[in-house]
Number of protein chains: 2
Amino acid sequence: MSRLAKLLTSQGKASVRDLDAIDLHTHVYLPRYMDILRARTDVPLVRPGIGGERLIILPAEKQQMEQEQHSATSHTAGISAGRPIGGEYWDVSSKLRYMDHHGIRTSVLSLANPWLDFLPLEEQIHQATLFNDDMETLCRDSNGRFLAFGVVPQDSTTAVKEVQRVASELPHVRGVILSTAGLNGKGLDDPEMLEFYREIDRARLTIFLHPHYGVGNEHYAEYGHALFLALGFTFETTVAVSRLVLSGLLDQVPDTLRLLLAHSGGALPFLAGRLDSCVEHDAAIAQKLQHLPSVYLKRFYYDAVAYHEPALQCLIDFVGSDKIVFGTDHPFFPPAKKESSDNEDLSELDWRSTLSNYEIMANMSKEVQSAILRENAKRLMGN
Amino acid sequence: MSRLAKLLTSQGKASVRDLDAIDLHTHVYLPRYMDILRARTDVPLVRPGIGGERLIILPAEKQQMEQEQHSATSHTAGISAGRPIGGEYWDVSSKLRYMDHHGIRTSVLSLANPWLDFLPLEEQIHQATLFNDDMETLCRDSNGRFLAFGVVPQDSTTAVKEVQRVASELPHVRGVILSTAGLNGKGLDDPEMLEFYREIDRARLTIFLHPHYGVGNEHYAEYGHALFLALGFTFETTVAVSRLVLSGLLDQVPDTLRLLLAHSGGALPFLAGRLDSCVEHDAAIAQKLQHLPSVYLKRFYYDAVAYHEPALQCLIDFVGSDKIVFGTDHPFFPPAKKESSDNEDLSELDWRSTLSNYEIMANMSKEVQSAILRENAKRLMGN
């Protein structure tokens, strides 16, 4: 029996379409965001390219784009840097078709990286309220199919105010997505983040921490985006959260703070024991902390975007199955388009990347599967 | 029952001293190496400091040393950069006392980082033969307590010759320790490494791959050595091996190549699924390879220096219990010295770092424990 069939049998479902999952890691570029990206000439941007529009957002892609521009023989030449971007990124009906095809009852939408980080601060403050209002409207009109993580400007004072506004006025926005740069570009361990953490906790909202900038980027250039995404992203989360833990800031925040780590926490579930050991053997660091690092790490939530069973099992063994939520990372990692059909609807295809994050649960108990597929998410997204 | 008691019961042993383990990750600074380090004024070096000699080897430590030198009020002031270094690093009798106390029957010694990497190439070539001869003598006279990984100069041509000499003349040297910089400072994916990999395979020797340089170092400075060692080291191994895999070089080397990865493979066992997925979605990379990355990763050997059970279980789930060997990382991560006793013999104390790598096996079956503690190592170190 295939892994997928095993999961369906265990869940008592006839088809993937019936899985009734809640997806906490799924992105959207709102139409307002597409307008911003299309108007830009520097990364991040969207522009016409070979076979349709292309999205260029990663530091590594900027270099590729510049090389292509230098070698272009005509100003009208299309570019191949970045990746194809279609309706799956901004069209709500496309997202819904993808969700129906893959058994996702509810998606908790978040703006994809790099969020508002590249805009001037005044513009971030202005746009954050518009985006959050957009998200609220989109979710409110979705008949229960969408909830959302909002955005905050990269400024600790105004971010706190926006969290308060979200909490009081936008009931479908259940938290905010946050970059590892934190609110002031100085990381999650910047002491000025404290009031933000406290306000998030008071409001019973969730921080969805997500990478964008990469760590170790100087090592990946020869290998396309594969190593940047596989290693750079996961190292970035691992570093940012380790710094937050070692800073001692969490000793000044209630232990009920809801922090959700993307991509199963990077490498943290595997490295937590070594991190504990290294801290135990560094008295200057250990004395500043009330607990070993793993104690803090076990308070957090992790998505199950792990792509193989040994990693998901490691995460369960480390943090417990009640802290793990299903995710897909849609619309990234799409199925390859058939060359013959430019107008193919990606949302009606099987997304291997999504199915594999179902398949890695096949050998877990029904209870663990159900907790990860939907029950934990309901609890986390409730108030 | 404590985890240690549970392991002893499962193994049918009365005491840790009886565990009869083989330690494949244990370092030594041979007296010849100490002479080199004591004569140096730049990192790496050994010099007098507060409470005895101090070892300064890490990039992060160099900066600390320079700051102390600038702020010193007297030329005779001791320095506190680096770490205390005593007989546990070079004294064979001290290593044996530590081994007896912790139930280690055989240690497969390797020179600790940064090996010979910092010496001019001519000096590396000269010293490598001397070190390997030293190791052979030390092991031959040890009544079976020691085997060794040798060293090679950072030059693919002379390294191949030294591998041939080791294979034919030094029966106790069962492989070589190698830095992630590879033989030409261009990494493990440098095509000039091919002949070295082939010669290692022909000789049925083992490459013990070990980090030193760190990845992401710009993020760790405020947190002592804890993050450099916990994350920088493990990221370094992860990056170097991922590059080797994605380069396609392994398709040109027999799949019997014996590559042993330090620190349980960095973060690779956890990230292998994501690495597969990122390669699958990057056609340019995927087309160059005969297999997905995890296929290559499963050929390798990994030490069990993992520090918590979820990581060791992940490693077992990923690679299988027949590819994992016990290790301690001795003499790094020593027990804290009591301030009152400068002459305390560290080797007679309980090493928490060593015991924790026993304890993480407590819940495994006796067969898995025995495979990791000694059986796999016997097979790998045999010819």
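Okay, one term before we start: buried area is the accessible area, taken with a 1.4 Å probe, that two parts lose on being put together, summed over both. Keep that in mind, and also keep in mind that what we're looking at is a predicted model.

So, how much area is buried between chain A and chain B? It comes to about 4,700 Å², and carbon and sulfur atoms give 70% of that. Three residues stand out here: A:Tyr223, A:Phe270 and A:Arg274 supply 19% of the area that chain A buries against chain B, more than any other three residues. If you'd rather count residues, 54 from chain A are in contact with 54 from chain B.

What about polar contacts? Between the two chains there are 18 residue pairs of that kind, with both residues at pLDDT 80 or more. Which elements give two or more residues to the side of chain A that touches chain B? Those are H8, helix H9 (268-280) and helix H12 (309-319) of chain A. H8(A) gives the most, with 14 residues. And if you sort the residues on that side of chain A by type, you get 30 nonpolar, 17 polar and seven charged.

Now, salt bridges. Side chains of opposite charge can pair when their charged atoms come close. Over all chains the count is 39 salt bridges, and between chain A and chain B it is two. Here's a pair that crosses over: B:Arg243 bridges to A:Glu222, with the closest N and O atoms 3.1 Å apart.

Let's move to helix H6 of chain B, residues 156-169. B:Glu162 and B:Arg165 form a salt bridge there, and their closest N and O atoms are 2.9 Å apart. They sit three residues apart in that helix, about one turn.

Next up is helix H7 of chain A, residues 194-202. A:Arg198 and A:Glu195 meet in a salt bridge, 3.6 Å from N to O. Those two are three residues apart in the helix, so about one helical turn separates them. This pair is partly exposed: A:Arg198 has a relative accessibility of 26%, and A:Glu195 has a relative accessible area of 35%.

Which residues of H7 in chain A are buried? We have A:Leu194, A:Phe196, A:Tyr197, A:Glu199, A:Ile200 and A:Asp201. And what do they pack against? Their partners in chain A are helix H6 (156-169), strand E7 (173-179), strand E8 (206-210) and helix H8 (226-247). Have a look just after H7(A) as well, where A:Arg204 takes a positive phi of about 55°.

Last one: A:Asp141 and A:Arg140 form a salt bridge, with the closest N and O atoms 3.5 Å apart. Both of those residues are exposed.

That's my tour, thanks!

Key
Residues are numbered from 1 along each chain as its sequence is written. Chains are lettered from A and ligands numbered from 1 in the order in which they are written. Side-chain values use heavy atoms; hydrogens and water are left out. Buried means under 20% relative accessible area, exposed over 50%, partly exposed in between (1.4 Å probe, protein chains only). Helices (H or I, at least four residues) and strands (E, at least two) are DSSP runs, numbered from the N terminus. Contact means heavy atoms within 4.5 Å. A salt bridge is a side-chain nitrogen of Lys or Arg within 4 Å of a carboxyl oxygen of Asp or Glu. A polar contact is a pair of N or O atoms within 3.5 Å; within protein, one must be able to donate a hydrogen and the other to accept it, and residues adjacent in sequence count only if both atoms are side-chain atoms. Ala, Val, Leu, Ile, Met, Phe, Trp, Tyr, Cys and Pro count as nonpolar, Asp, Glu, Lys and Arg as charged, and the others, Gly among them, as polar.
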